[in-house]
Amino acid sequence: MNDPMDQAREDMRPQAEFLALVDELRFYILSFLPWQDILRCTSVCKALRQTYVSSSELQYIVELGGQRLLPVPIAYLGKHTSVSQRLQLLRDKAHAWFQFNLHAHSFQTFSLQEQVYEVGISLVDGHLCLWSPYHETEDSRNSAKIVPILPKPSQQTIERHWSPGSLCPVPDAYIVDVYMDPVQNLIAIAYAVHSNVLLEGRFYVDIRTLDGDDIHPQAAGQTLVLSVVTAQSRHDWFTITEVLKLKVFGRHLALQCSPVFDDPVSTTSRVIWWLQLWDWQHSTTSNSKLSDTMSHFQESIDFCFVGNDRLLMASNDLKLYSISDMSRKPQLLACYSLPFPMANTRCLLPIHVTAHSSQIQMQAQQTMWTSDPEHRLLCYVTLRPRLVFVISTKVFFDLDSEPVGEKAVTIPWQNWGPTNTRVFPDSWKVCVSGNRVLHAFPAGTRSRYKLHMMDFSPLGVERRQGLGRVVREPSATETHEPGKTLTTSLPYVEVVSDRVFDATELIGMWIDRDRIYLAKMMDALEDNPGDLRLDQLEVIEMPIFDPS
C-alpha cells in the first residue's frame, strides 16, 4: 500500500515544478488562461499571487476581461505604448467614470440649430450624423450632414453637408432611411422611386462613400434592390403606414418594414412584416430574408445585430437568428420569452459598435481596446409599460441546444431573464456603451432629471475605489398590472450625478468610451412658438491623464 505522505508529495510535484520555472515562462504559460482562471490562480498560493502582481501583462489580461474588452493588436498602433502604460490608462479610464464629475471643466458646446421633430440624429464614432427626412419644407427635405466632434489628432474625420435633393441619385426619390458609418466611410440610403411606397413595394439601397460620391470601394455594387408585398395591398379597409429601418453592421446591411395601424377595427386582422439582409461587400442580391404575420395590435417590432453572425428580432419575445450563411434564410437559434406582451419597443446597442473582425484595424488608430461583442449590454426599451430591460448579450451566446429553425428551443423568461437582466422604470432617456448604461431618472420635481451611470462589468466593484453604490441584491420593478412586479438581479455599480438637468437639456443623450453628449433645446421664439430647435450639444469628457 502506498504511503499517504508519498502520494501527497507526488500530487504536489507538478505545482513545485511549475513554480521552479523562470518568471518569464510562468508569465507566458498563465497568459493563455482565461482572465477568471488567472485570478483563481492568485488564490492558490503566495508564489502565484506574486507572479501575478509582478506581471503587467497578466494584470492587463485580467483588466481587459473584467471590463469586457478585447485588445487591439499592437502591430496596428501608430506608436508604441508599454503594457504597464496601457494597464494604468485602462484603470484610470474606469475610475474617471466612477468619479462621474459632470461639473468638470473639460467640456465644450457646439451650436446645432436643427429642428427637434424633423431631423434624425445619431452619434457614431465621434461624429454627429443628422438627416432631415421628407416633409413640407422644400428647402430642408432630404438634407443631411456629418460633423466631427472633438477629434483626436490621429483620428480620421469626415465633415460634409448634403443639400436638399443631393442625397439620392434618383430625382424626387422618397428617402425612407439613411445610415452613416464613419468607421467604414460608408453612407447607405434606402429609398423608393414612388412617394407612395405602399403601392410600389420596391425599394433600393444606395451604397457610397461618406467623403465623396463614389461607389464604396468594398461594395459589390452601388445599388441593392428589393421587391416586397406591403401591408396596404392586403388591408385597404383601414389605414396602414409603413415604418422602415435601415441598419448596418460591418458587412451586413438590413432593411426592415413593419406596419403601423391608425384606428384598426378588428383584433383578429393579420399583416406582414419583413426584413431583408445583404452582405453588401459581396453581392447586390440576397436570399437572406425574414417575414411573418403580426396582429394589428402589435404596434412595433425592432431588430439589432448581436456580434458578427447573429440577429435579434424583438417584439413580444426575442428571437435569435444565425446569419453566418447569407446564401439562405436566417436560421432561428432560440426564442427568449418575455414576462408579458410589450408595445412600442426599441433595441439599443452601444453607439460606437462596429463588426469586430472587419473593423479592428481602423479602430486601432483611435484606441487600444474595443468592447467584446459577446459581453456587451443591450437595452430593450418599452413604452407600454415604460420599462428598460438591460440585458447581457452573453445570454445570446451561451446556447446549449443544437436544433435550429422550427425545432429551436423556446426559453422561458424565468430560465434566462432574472439573472441576465436588470429592469428599470421610466424609459424616457437611456443610452449604452459597452458595459455602461446612462439613464435619466426624475429628480423629484417636474421636468427635472439626474443622470445615473451604471457599470455592469465584473471588475466594476473593484475599480470603483469606494465610489458609487454596489447593487447585487434582486430588485422588484412595478409593471402595468396592479400589484405585480418583475424581479431581476444582474449586478452593477451605480453612480448618481449631483447636477440636475431640465428636460430641455436632455432632448438628445449619447455615451461612448470617453464622453457624454447632451443635446439642448432652445426656447421657442414668441412669434413662432412651434419652431422647436436643438440649440447646443454639450460634450462632457471623463478627464484622465494619458501616459501615451
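**Group meeting talk: a walk through one predicted chain**

Let me begin with the inventory: the chain holds ten helices and 34 strands. Please keep in mind throughout that what we are looking at is a predicted model.

The chain has 548 residues, and 53% of them count as buried. If we take the contacts in the chain with a separation of 6 or more, then 60% of them are made by residues 24 or more positions apart.

Let us turn to the helices, and to one pair in particular. Two packed helices are described by the angle between their axes and the distance between the axes. Helix α4, residues 46-53, packs against helix α5, residues 56-66, at an angle of about 85°, and the two axes are 6 Å apart. An angle from 65 to 115 degrees counts as roughly perpendicular, and therefore α4 is roughly perpendicular to α5. On the α4 side the contact is made by Thr51, Tyr52 and Val53, while α5 contributes Leu58, Gln59 and Val62. Sorted by class, this contact between α4 and α5 has four nonpolar residues, two polar ones and no charged ones.

How many of the eleven residues of α5 are buried? Eight of them are, so α5 is largely enclosed by the rest of the structure. The buried residues of α5 include Leu58, Gln59 and Val62, and these three also take part in the contact with α4. Tyr60, Glu63, Leu64, Gly65 and Gly66 are buried in α5 as well.

After α5 comes arginine 68, whose phi is positive, near 60°. Is aspartate 125 buried or exposed? Its relative accessibility is 12%, and buried means under 20%, so aspartate 125 counts as buried. Asparagine 185, again a residue other than glycine, has a positive phi near 50°, and its place is in the loop between β7 (174-181) and β8 (186-192). With a relative accessibility of 16%, asparagine 185 counts as buried too.

As an example of the pairing, alanine 314 has leucine 318 in β17 as its bridge partner.

My last stop is tryptophan 274, which is found in strand β13, residues 270-279. Tryptophan 274 has a relative accessible area of 6%, so it is buried. Along the chain, tryptophan 274 and aspartate 292 are 18 residues apart, and their C-alpha atoms are separated by 6.6 Å.

Key:
Residues numbered from 1 in each chain as written. Predicted model: local features only at pLDDT ≥ 70, side-chain atom pairs only at ≥ 80, totals over all residues. Heavy atoms only, no water. Pairing = 2+ DSSP bridges. Helix = DSSP H or I, 4+ residues; strand = E, 2+ residues; numbered from the N terminus. Axes fitted to C-alpha atoms, helices over the stretch in contact; angles between N-to-C directions. Parallel < 35°, antiparallel > 145°, perpendicular 65-115°, else oblique. Contact = heavy atoms within 4.5 Å. Nonpolar A, V, L, I, M, F, W, Y, C, P; charged D, E, K, R; others polar. Buried < 20%, exposed > 50% of the residue type's maximum accessible area, 1.4 Å probe, protein only.
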